[in-house]
Amino acid sequence: MKELIWDTIVIGGGPAGMLAAISAASEGKPVLILEQNEKLGKKMFITGKGRCNLTNACDQNEFFKNLVTNPRFLYSAYSHFNQGDLCRLVENAGCPLKTERGDRVFPVSDKSSDVIQALEKLLAEKKVTVRLHHQVSQVVLDEDKRVKGVEANDCFFACKKVVIATGGNTYRSTGSDGSGYTLAKNLGHKITPLRPSLIGLKTVEQWPQTLQGLTLKNVAVALLEGRKQISKIQGEMLFTHFGVSGPIILTHSAKIKKNPDRYHLRIDLKSALTAEQLDRRLQRDFLKNSNKIIKNSLDDLLPKSMISLMVDLAGLDGEKKVNQLTKGERLQFGKLLKCLPLTIADYDNPNTGIVTAGGVHLKEIDPATMASRLVKGLYFAGEILDIDGLTGGFNIQIAASTGWLAGKGLVSAK
Ligand SMILES: Cc1cc2nc3c(=O)[nH]c(=O)nc-3n(C[C@H](O)[C@H](O)[C@H](O)COP(=O)(O)OP(=O)(O)OC[C@H]3O[C@@H](n4cnc5c(N)ncnc54)[C@H](O)[C@@H]3O)c2cc1C
């Protein structure tokens, strides 16, 4: 019997792999997806809290501002397949979409499974073969260092091209267990240091734990490396059993490029007021409550659960009457409200990172094709690459754009 030779084998059935397969099969070529899980899109299923924030409908400038690492590498992939292309593809496959606050795009049904079903429908229409429970252990090359197939479950699958779309190494139970990095390394590719991104942060200070569950809205949090401010963001944060989390903190975590313990946070609890405005406000509040004890005078200013803590951190005696407060103590308290310091100890459990930053070194990949510069017939797509974005649908779009281009199987000009 003649051995079947696939045109393209895609390793991994996440969004990058599914888009690569649809794109490759659209050229009329036989395509096989090998996925180690029992189903496709296991990570995609849990995205957007089960609703799948598929992409972001912002304009191109804004889109690239939301890519944290190596945004320029994506220019070509994005020009081949952008947010509009992804939305049209998914909607035409029977999954209507809607755009919410912050240009975030979700399925109208609020069910990630509907997006996955739409992609599966396209895979079936394009006659892509899917083999589940198949873990690829090796990409096999011929003597000219050209791809000739892959090994999975002790079987050899012959092909002309391979797309490695195996994801990162966080939320490992979804299948992105980091095995793709080993495949890439064994083929001679360098992997830039991996770190979790979009993740909560452990703090040296223990006091955040006493506020576990408290969300602060409309605060401004600055991230500093030593004395240098890296960024400052306004929005929502959350205290947890390990330190801090919530949207602002996740975004800051993406900007941590060195050991996390080199960084600090400064929380401005009253970001709508200047220091002078806040002091006038404190004077008014203290005048109104002049006969109360300090810890009973701050209800209008702070969440209840934070009052004792803030009084302690400011070194004040909470049992003292407000009218006994000195000007110096009032100014000191105001200063703390504007600049509550926290020292970062580490990331939360690395497995809880929404994405993995770092990955296959982009110097060894042609951005115009997603082809390896080291191995002929080899392509990469998705989170395995050293590109990552912020929350808001940017990471699935990275996976889709790179997947689509990789699937084309274009040959590099040089
Ligand atoms: C909780 C959570 C929420 C998220 N929410 C969003 C969101 O709303 N919007 C957004 O844009 N991004 C979100 N992300 C990020 C997004 O899910 C990823 O960036 C995206 O899934 C990456 O796609 P991928 O195809 O590259 O990798 P993955 O989705 O991880 O897929 C890789 C696949 O490869 C398979 N695989 C790995 N190794 C092998 C092997 N050796 N052989 C065979 N198969 C293999 C895995 O089993 C897996 O199915 C979220 C992530 C998490 C964890």
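The questions and answers below concern a predicted model.

Q: Which strands make up the closed barrel, and by how many degrees are neighbouring strands turned against each other on average?
A: The barrel is closed and has six strands, in the order S12-S15-S14-S13-S16-S17, with antiparallel pairing.

Q: Which residue of S15 is the bridge partner of Lys 202?
A: Strand S12 covers residues 201-203 and strand S15 covers residues 243-245. The two pair in the antiparallel sense over two bridges. In S15, the partner of Lys 202 is Gly 243.

Q: Why is helix H9 largely enclosed by the rest of the structure?
A: Helix H9, residues 247-254, lies across S12, S13, S14, S15 and S17, at about 145° to S14. Its buried residues are Ile 248, Ile 249, Leu 250, Thr 251, His 252, Ser 253 and Ala 254. H9 is largely enclosed because the buried residues number seven of the eight.

Q: Which elements give two or more residues to the shell around the ligand?
A: The ligand is surrounded by 38 residues, and the closest are Gly 12, Gly 14, Gly 167, Gly 175 and Gly 382. By type, the shell divides into 15 nonpolar, 19 polar and four charged residues. The elements that give two or more residues to this shell are H1 (15-26), H2 (42-46), H7 (179-186) and H13 (394-408).

Q: How do the residues of the contact of H1 with H13 divide into nonpolar, polar and charged?
A: H1 and H13 pack at about 35°, and their axes are 7 Å apart. The crossing is right-handed. The contact includes Ala 16, Leu 19 and Ile 22 of H1 and Ile 396, Trp 404 and Lys 408 of H13. The residues of this contact divide into twelve nonpolar, five polar and one charged.

Q: What is the phi of Asn 153 in the turn between S9 and S10?
A: S9 also pairs with strand S10 (residues 155-164), in the antiparallel sense over four bridges. Here the partner of Glu 151 is Phe 156. The hairpin has two residues between its strands, and the phi of Asn 153 is positive, at about 50°.

Terms used. Residues numbered from 1 in each chain as written. Predicted model: local features only at pLDDT ≥ 70, side-chain atom pairs only at ≥ 80, totals over all residues. Pairing = 2+ DSSP bridges. Contact = placed C-beta atoms within 7 Å. Axes fitted to C-alpha atoms, helices over the stretch in contact; angles between N-to-C directions. Near = placed C-beta within 6 Å. Nonpolar A, V, L, I, M, F, W, Y, C, P; charged D, E, K, R; others polar. Left-handed = near helix turned anticlockwise from the far one by under 90°. Buried ≥ 20, exposed ≤ 12 C-beta atoms within 10 Å, placed from the backbone.
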